[in-house]
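Please have a look at the sequence and the structure first.

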Amino acid sequence: MNRRLGNLKSIKNTLKILDNRYKIEIIYILGEKKMRFTEIKNTLGTITQQLLSKLLKQLEKDDILKKKQFKTFPRKVEYSLTPLGKSLKPIMTSILRWEKNNARTLNKLLKRKKLETLFDYY
């Protein structure tokens, strides 16, 4: 396999984990601090409880985040990034830099609704 195809396979493998826009947003906000389920939901705004619960379980299964349950009443659960999750920070920084460098073009495309991605269907 040549190097280019190997790189493409690596990109595909990464995108299998980051296959939803909300996953990327969850990783980004958990990069700032540990959060409880309701805090994450309120920060994301438009996500349903069912979808958020599903995505948190997937990210936990993929070792991107960890869930800490406290033995209190009422039950308290806190989510934070694992070292693997924290290692995604340079990707988030690159995305932000790319958006900033291309903000004018992206805003025009969004206004014309010509920017369609797989994420638009979630």
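**Ground rules**

This is a predicted model, in which local features need pLDDT of at least 70 and side-chain atom pairs count only at pLDDT 80 or more, while totals for chains, interfaces and linings use all residues. Residues are numbered from 1 along each chain as its sequence is written, and side-chain values use heavy atoms, with hydrogens and water left out.

**Overall layout**

The protein chain contains 7 helices and 3 strands. Here helices (H or I, at least four residues) and strands (E, at least two) are DSSP runs, numbered from the N terminus. Read from the N terminus, the order of elements is α-α-β-α-α-β-β-α-α-α. Along the principal axes, the C-alpha atoms of the protein chain fill a box of roughly 50 × 40 × 25 Å. Of its 122 residues, 24% count as buried. The term buried means under 20% relative accessible area, exposed means over 50%, and partly exposed is in between (1.4 Å probe, protein chains only).

**The nonpolar core**

A nonpolar core is a set of buried Ala, Val, Leu, Ile, Met, Phe, Trp, Tyr and Cys residues joined through side-chain atoms within 4.5 Å. In the largest one, which has 22 residues, Ile-26 and Ile-40 touch the most other members. At least two residues of this core come from each of α2, α3 (37-44), α4 (49-61) and β3 (76-81). Helix α2 gives the most, with 5 residues.

Is Lys-23 buried or exposed? Lys-23 counts as buried because its relative accessible area is 2%. In space, Lys-23 lies 6.6 Å from Leu-55, C-alpha to C-alpha, although the two are 32 residues apart in sequence.

**Salt bridges**

Side chains of opposite charge can pair when their charged atoms come close. For this report, a salt bridge is a side-chain nitrogen of Lys or Arg within 4 Å of a carboxyl oxygen of Asp or Glu. The structure holds 3 salt bridges, and they are set out here.

| Asp-19 | Lys-23 | 2.9 Å |

The partner of the buried Lys-23 is Asp-19, and Asp-19 is partly exposed at 29% relative accessible area. Arg-21 and Glu-25 both belong to helix α2 (residues 21-30), where they sit 4 residues apart, about one turn of the helix. Arg-21 is partly exposed at 32% relative accessibility, and Glu-25 is partly exposed at 30%. In the remaining pair, Glu-39 is partly exposed with 33% relative accessible area, and Lys-33 is partly exposed at 47% relative accessibility.

**Surface patches**

Patches are made of residues with over 30% relative accessible area and no salt bridge, with like charges joined within 9 Å and nonpolar side chains (Val, Leu, Ile, Met, Phe, Trp, Tyr) within 5 Å. Accessible areas come from the Shrake-Rupley method with a 1.4 Å probe, and for residues only the protein chains shown count as cover. Lys and Arg count as positive and Asp and Glu as negative, while His and the chain ends are not counted. The place of a charge is taken as NZ of Lys, CZ of Arg, CG of Asp or CD of Glu.

A patch of positive charge on the surface gathers Lys-34, Lys-66, Lys-68 and Lys-86. Lys-86 belongs to helix α5 (residues 83-86) and counts as exposed because its relative accessibility is 56%.

The surface also has a nonpolar patch formed by Leu-5, Leu-8, Ile-11 and Leu-15, which together have about 370 Å² of accessible area. Leu-8 lies in helix α1 (residues 3-17) and is partly exposed at 39% relative accessibility.

**Two backbone details**

Most residues other than glycine have a negative phi, and most peptide bonds are trans. Phe-73 and Pro-74 are joined by a cis peptide bond, with omega about 0°. Pro-74 is placed in the loop between β2 (65-70) and β3.

Asp-63, a residue other than glycine, has a positive phi near 60°. Asp-63 sits in the loop between α4 and β2 and is partly exposed at 43% relative accessibility.
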